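Hello,

Here is the structure I promised to pass on to you. Have a look at it first, and then read my notes below.

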Amino acid sequence: MTYSGAVKVGGPADVHELADLIISKVAVGPMDNNAYLLRCRTTGEQLLIDAANEPHTLLQLIGDDGIASVVTTHRHQDHWNALREVVDATGARTYAGRYDAEGIPVPTDVPLDDGDTVRIGRVELTARHLKGHTPGSIALVYDDPHGHPHVFTGDCLFPGGVGNTWKDPDAFASLLHDVETKLFDVLPDETWVYPGHGKDTTLGDERPQLPEWRARGW
């Protein structure tokens, strides 16, 4: 079946099968958070992005093979509600942006800085620090050698705009700058965007809207 990225709480995961990586997307309540399970096809190693909630749902998705790592995209509670249960059940290493780690109650084993690499078996992800939604939000970029890039943006980029900056003009300017310079300016239009809530998009679909976002200030 063709991957659409459209998932709902209580529904099945949607699976995006790439040459070297399998991406499973699931939605959990009560805030319709997305969690992503990434599996290296060569080694079978798995990584979870955002243990948001519903630990039973996430552990069922993970399955008997477990996970080696779990990355928390930012410090907001709706993205780590199930982190303790998932880590206790799997023994996974924890990753988070260096400047958000102190706001996550489960200790961060590996703090991430801009440009750091996170490995899943033979697959590499690159962390990009995007400041504004929180001080230490990170996106993870997978530059697929067999196709276009894929980026997991947490709450920093969605269809129709950047993440919430609560009418703080400095935070908005920072987030828009980082999203433009670290994502839009360096990645092609075909780049697939996997956000922390809701439907997926591509950089090409969002790029024409950048002047509008800048003008409206959110």
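Let's start with a unit to trace by eye: β5, helix α2 (residues 83-90) and β6 form a β-α-β unit that is right-handed, meaning that with the strands pointing away from the viewer, the path from the first strand over the helix to the second runs clockwise. Helices (H or I, at least four residues) and strands (E, at least two) are DSSP runs, numbered from the N terminus.

A word on the source: this is a predicted model, where local features need pLDDT of at least 70, side-chain atom pairs count only at pLDDT 80 or more, and totals for chains, interfaces and linings use all residues. Residues are numbered from 1 along each chain as its sequence is written, and side-chain values use heavy atoms, with hydrogens and water left out.

Now the neighbours of β5. Strands pair if DSSP finds at least two bridges between them; β5 is parallel to strand β6 (residues 93-97), with four bridges, and Val70 has Thr94 as its bridge partner in β6. Strand β4 (residues 46-49) also runs parallel to β5, joined by three bridges, and Ile49 is partnered with Val71. Between β4 and β5 the chain passes through helix α1 (residues 55-62), in a right-handed β-α-β crossover.

Which way do the side chains of β5 point? Ser69 and Val71 point one way from β5 (residues 69-72), Val70 and Thr72 the other way, and all are buried (under 20% relative accessible area, with a 1.4 Å probe and protein chains only; exposed is over 50%, partly exposed in between). In a regular strand the side chains alternate between the two faces of the sheet.

Finally, Thr2 lies in the segment before β1 (14-17) and is exposed, at 74% relative accessible area.

Best wishes
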